[in-house]
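Subject: Structure handover and findings

Hello,

My notes follow below it.

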Amino acid sequence: MIFIKTKKLIPLYFLVLSLTSCSHTFYVPHDNINLQLKEKNDFEVSGSFFYTAQEVRSPNNTRAILPKEISSQSSVQMGYSPLKHLAVVGAYASSNSDNMDQSNLRSQGKIWQASIGGYLFLKSKRNPNPNKGFLFDTYIGYGVGDISTSYYSRGGLSEINFQQYFIQTGLYYKNTKYDVGLNFKKSFLNFYNGNIFFELTTDEALKVESVVENNPYNLNQLSVRVATGFEKGKIFFTFNHLFSLDEALLSQSPEATFGVHLDLNKLFRKKLPD
């Protein structure tokens, strides 16, 4: 049970992109690990972006000059394979949301992640192309982050920190000019150090209380990726879908991102000997 005070409240938000008067969203999935390290000394980086702007209509559903609901998200991942079948990956993701209709909310969130894992690349025996084959990988990781939400209509501000523990596994078909695959991530979220300054409405307070009472959260996320380009770099499209069994989280899904994936080892230096 949460005890609500005038100056302090324990809320819950994680990478919020949309929190409007009609639909409160507390969680938005960001990209799973999408680097495809497959051999010793691989050194890769990727960046992705998501943006949407939704027109706000007047109460009678007619066009009116009103602010738009704007949401954006970006992420960067970097990975290296120091030994054969071993990979380490670091990632950063951030989100921003402006919902300047009746709710007058602005949310900003970020998360840092570190993970370690293993991979197995099965090359095609009938094709001499060293980049063609099936890739299997698995990662375990830990992340920390925070989210803040400004309530302009009431002058309020919420802040909270969170932790994430996860395990992810993926399967991909790779070629020099394209790749396609999917990965599945199971994560556990734990929220702490939450504060809100100034009051919330009763409806907002009840929604926050419902979410906090169900902490921690067990989430499942499926990501499908399609990429095209060249050996040194590709552009990709990722479709993320979150399976949340807890209705209190009120998560937003699915989400699509676009990005660039670069092989730094091939771009800037010669391949190191085994």
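Start with the strand pairing. Strand β6 (residues 156-174) and β7 run antiparallel, and 17 bridges join them. Three residues make the hairpin that takes β6 into β7. For a reference point, pick Phe-162: its bridge partner in β7 is Phe-191. On to the next pairing. β7 and β8 also run antiparallel, joined by twelve bridges. Here Phe-188 has Asn-218 in β8 as its bridge partner.

Please keep in mind that this is a predicted model.

**Overall layout**

The chain has ten strands and two helices. Read from the N terminus, the order is β-β-β-β-β-β-β-α-β-β-β-α. Of the 274 residues in the chain, 46% are buried. Take the contacts between residues at least 6 apart in sequence: 67% of them join residues at least 24 apart.

**Salt bridges**

How many salt bridges does the structure hold? There are three.

One is formed by Asp-146 and Lys-110, whose side chains meet at 2.9 Å, N to O. Asp-146 sits in strand β5 (residues 133-151) and Lys-110 in strand β4, so this pair ties together parts 36 residues apart in sequence. Asp-146 is partly exposed, at a relative accessible area of 24%. Lys-110 is partly exposed too, at 30% relative accessibility.

Another joins Asp-179 and Arg-225, with the closest N and O atoms 3.2 Å apart. Asp-179 belongs to strand β7 (residues 178-197) and Arg-225 to strand β8 (residues 217-230), so the pair ties together parts that are 46 residues apart in sequence. Are these two residues buried or exposed? Both Asp-179 and Arg-225 are buried.

Lys-266 and Asp-263 also form a salt bridge, the closest N and O atoms being 3.1 Å apart. Lys-266 is partly exposed, with 23% relative accessibility. Asp-263 has 8% relative accessibility, so it counts as buried, the cut-off being under 20%.

**Charges over rings**

**Aromatic pairs**

A pair of aromatic rings is described by the distance of the centres and the angle of the planes. The count comes to nine aromatic pairs. Among them are Phe-43 and Tyr-80, with ring centres 6.0 Å apart and planes at 90 degrees, so this pair is edge-to-face. The two come from distant parts of the chain: Phe-43 is in strand β1 (residues 43-54), Tyr-80 is in strand β2 (residues 69-83), and 37 residues separate them. Phe-43 is partly exposed, with a relative accessible area of 25%. Tyr-80 is partly exposed as well, at 28%.

What kind of aromatic pair do Phe-49 and Tyr-51 form? They are stacked, with 6.5 Å centre to centre and 10 degrees between the planes. Phe-49 is partly exposed at 44% relative accessibility.

Ring pairs link Phe-134, Tyr-173 and Tyr-178.

**Gln-113**

Gln-113 lies in strand β4 (residues 105-123). Its relative accessible area is 11%, so Gln-113 counts as buried under the 20% cut-off. Which side chain does Gln-113 meet in a polar contact? The partner is the side chain of Gln-164, at 2.4 Å. Leaving out residues up to four places away in sequence, Gln-113 touches His-30, Val-89, Gly-90, Ala-91, Tyr-142, Gly-143, Gln-164, Phe-166 and Lys-185.

**Where to look**

For a quick tour, these entries can be picked by residue number:

- Phe-162 and Phe-191, bridge partners.
- Asp-179 and Arg-225, a salt bridge between buried residues.
- Phe-43 and Tyr-80, edge-to-face.

Best wishes

Methods:
Residues are numbered from 1 along each chain as its sequence is written. This is a predicted model: local features need pLDDT of at least 70, side-chain atom pairs count only at pLDDT 80 or more; totals for chains, interfaces and linings use all residues. Side-chain values use heavy atoms; hydrogens and water are left out. Helices (H or I, at least four residues) and strands (E, at least two) are DSSP runs, numbered from the N terminus. Buried means under 20% relative accessible area, exposed over 50%, partly exposed in between (1.4 Å probe, protein chains only). A polar contact is a pair of N or O atoms within 3.5 Å; within protein, one must be able to donate a hydrogen and the other to accept it, and residues adjacent in sequence count only if both atoms are side-chain atoms. Contact means heavy atoms within 4.5 Å. Rings of Phe, Tyr and Trp (its six-membered ring) pair if their centres lie within 6.5 Å; planes under 30 degrees apart count as stacked, over 60 as edge-to-face and the rest as tilted. A salt bridge is a side-chain nitrogen of Lys or Arg within 4 Å of a carboxyl oxygen of Asp or Glu. Two strands pair if DSSP finds at least two bridges between them.
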